[in-house]
Amino acid sequence: ATNHRLWPEIERMVEAQVMMAKMGIGECGSGWQLFAEDGEMKMYRREEEVDGMVVDPLKAVHVVKGITGHEVCHHFFSPQYRYDWETTLEHMTVLETISDDTLVFLQTHKRIWPASQRDGLFWSHIRKLPNEKDRDGPDIWTVVNNSTDHPDYPPNNGKCVRVFLTVCLLCQTTVDPPKEGMPLTRDNLSCKITYCSVVNPGGWAPASVLRAVYKREYPKFLKRFTAYVKNQTQSKPIMF
Ligand SMILES: O=S(=O)(CCO)c1ccc(-c2ccc(C3CCCC3)c([C@@H]3C[C@@H]3c3ccccn3)c2)cc1
């Protein structure tokens with residue numbers, strides 16, 4: 001729905017986030033440090049603080065066989081799967097359904113001692129993008145999540161401190177064609193996933209605790225989420 005109050009912001013954020021996600025780590029500016037590696041998954045972060053709070057930008061790249069970018073983005077965007085893969089989630093509500101590709105979420109995350117509990121209120125938008133490199137190749141799919149306001153849920157008015165986040169999941173599918181006359185199967189699929197996130201904790205939390213949480217939770221999240229998508233799709237028809 002292009003006539004919604006958030007549309008101009010969504011357009012701007014999607015364009016900016018997709019451009020950043022497409023850039024290699026080298027081009028993304030200096031200061032990225034590899035902090036986790038597991039097979040094809042590589043996680044980088046930059047150590048940044050705003051008003052003494054850790055807001056370390058994170059960029060992860062991963063290559064997963066047997067799934068498509070559409071399937072990855074569909075399972076990331078759709079609320080009905082979220083409790084299955086998002087382990088730090090305590091509660092999730094869809095506050096607004098702006099259109100079938102744009103939702104507004106309110107989420108509370110499990111408390112991380114000794115910091116106070118956090119919640120996040122953000123719009124989430126899923127979009128297919130043309131594959132510029134290979135016109136007749138599979139499309140690129142992306143989901144962008146960005147903090148927003150909602151009149152009924154002002155920040156920090158209850159037990160939770162409101163985090164401010166911007167997240168981009170960008171997926172590029174590669175099809176390795178089967179032998180002449182052989183059917184296309186999931187063995188011919190590979191998906192390059194780029195996950196970028198900046199989470200401002202919204203209020204004081206010990207830097208050492210936050211960095212330890214990020215170091216533990218982000219690799220776990222991406223591995224768990226991608227394994228979940230493989231598991232959910234393995235016996236289903238391919239969704240391009
Ligand atoms: O990609 S998403 O949009 C997927 C939808 O859920 C998303 C990802 C992460 C968060 C998030 C929000 C707050 C916090 C902290 C900050 C201070 C205390 C709680 C964390 C901590 C880092 C840990 C974390 C890392 C990865 C996954 C989940 N948890 C993460 C929110 C949304």
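How much space lies in the second largest pocket? About 310 Å³.

Some ground rules. This is a predicted model: local features need pLDDT of at least 70, side-chain atom pairs count only at pLDDT 80 or more, and totals for chains, interfaces and linings use all residues. Residues are numbered from 1 along each chain as its sequence is written, and side-chain values use heavy atoms, with hydrogens and water left out.

Terms next. On a 1 Å grid over the protein atoms alone, a pocket is an open set of points where a 1.4 Å probe fits, with protein on both sides within 12 Å along at least five of seven lines; lining residues have an atom within 4 Å of a point. Volume is the space filled by probe spheres set on the points, joined across faces, edges and corners.

Back to the second largest pocket. Its lining has 16 residues. K22, K133, L170, Q172 and K192 lie nearest the centre. Two or more residues each come from α1 (7-22), β5 (58-65), β11 and β12. β11 gives the most, three.

Now the largest pocket. It holds about 690 Å³. The lining counts 29 residues, with E86, T88, H109, V199 and Y218 nearest the centre. Elements giving two or more include α3 (82-85), β7 (102-109), β11 (164-175) and β12 (189-200). Which element gives the most to this lining? α4, with seven residues. Helices (H or I, at least four residues) and strands (E, at least two) are DSSP runs, numbered from the N terminus. By class, the lining is 17 nonpolar, six polar and six charged. Ala, Val, Leu, Ile, Met, Phe, Trp, Tyr, Cys and Pro count as nonpolar, Asp, Glu, Lys and Arg as charged, the others as polar.
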